[in-house]
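Here is a short note on the aromatic side chains. Please read it with the model open.

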Amino acid sequence: TTKRASEAAVAYQDAGTHELKGKAEPVPLYRALRVVAGRGGLLKSERLEAPFVGRDRELRLVKDVFHASTEDRSAHLVQVTGIAGLGKSRLAWEFFKYMDGLQSGYFWHRGRCLAYGQAVTYFALGEMVRGRAGILEAEDRDSALAKLQAAVDLYVPDAEDRRFVFPRLAHLIGLEERTAPDKQDLFAGWRLFFERVAEQSPVLMVFEDMQWADPSLLEFITYLMEWSRSY
């Protein structure tokens, strides 16, 4: 029963048939090997996932930093660097599976930095906002605006803050023209949204492929960390 309930997310190995106390017939047993997906099979790869080896120390460090952050109620920045193929994305995937198994609540955000193309400056941050609001990439503008408004209403309790945050998030994800007078004004709106989300549960923001990040995105991350340290 346990295996059937969890095999969408856990890889098992046949451990043979054994006689157990209280059972009239031998019972087949299985050994849990590793977690291969989120709960219910979320984000499970169609290909066979190789065991996670050689990065236990780094994964343990990321876990420790997360728990220290929640206990101290302060922001922490973890930067994972290395050549292509070293396992940076796999480390993030293992951390996600760990977080997915926790009973305590949290908000997970993931965004990719693109190497080229239009409107890539804050693409990773925009992905995080779209994900939080449940907006699909090809969703029509009216539907996307409605979902964004619902998300702002849900996470930002103050009406004045909502009026400030909404147009700046809409600009971020390409639903509105620029409404802020300068970059710092946009940063303030984006930061305020994630601040309000974090007041409900811890927030994680995973920026992938930072080697392609635009300097303006790095500037926002620096702004976010500097503001958080003084909060």
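1. First, a term: buried means under 20% relative accessible area, exposed over 50%, and partly exposed in between (1.4 Å probe, protein chains only). At 8% relative accessibility, F95 therefore counts as buried. W108 is buried too, with a relative accessible area of 18%.

2. This is a predicted model, in which local features need pLDDT of at least 70, side-chain atom pairs count only at pLDDT 80 or more, and totals for chains, interfaces and linings use all residues. Residues are numbered from 1 along each chain as its sequence is written, and side-chain values use heavy atoms, with hydrogens and water left out.

3. The structure holds 14 aromatic pairs. Rings of Phe, Tyr and Trp (its six-membered ring) pair if their centres lie within 6.5 Å; planes under 30 degrees apart count as stacked, over 60 as edge-to-face and the rest as tilted. F95 and W108 form a tilted pair, because their planes meet at 50°, with ring centres 5.8 Å apart. F95 sits in helix α3 (residues 88–100) and W108 in strand β3 (residues 107–112), 13 residues apart. Helices (H or I, at least four residues) and strands (E, at least two) are DSSP runs, numbered from the N terminus.

4. Ring pairs also join F95 and W108 with F66, W93 and F96 in a cluster.

5. Y155 and F193 are both buried. Their planes stand at 90°, so this pair is edge-to-face, with centres 6.2 Å apart. Y155 belongs to helix α5 (residues 141–155) and F193 to helix α7 (residues 183–198), so the contact ties together parts 38 residues apart in sequence.
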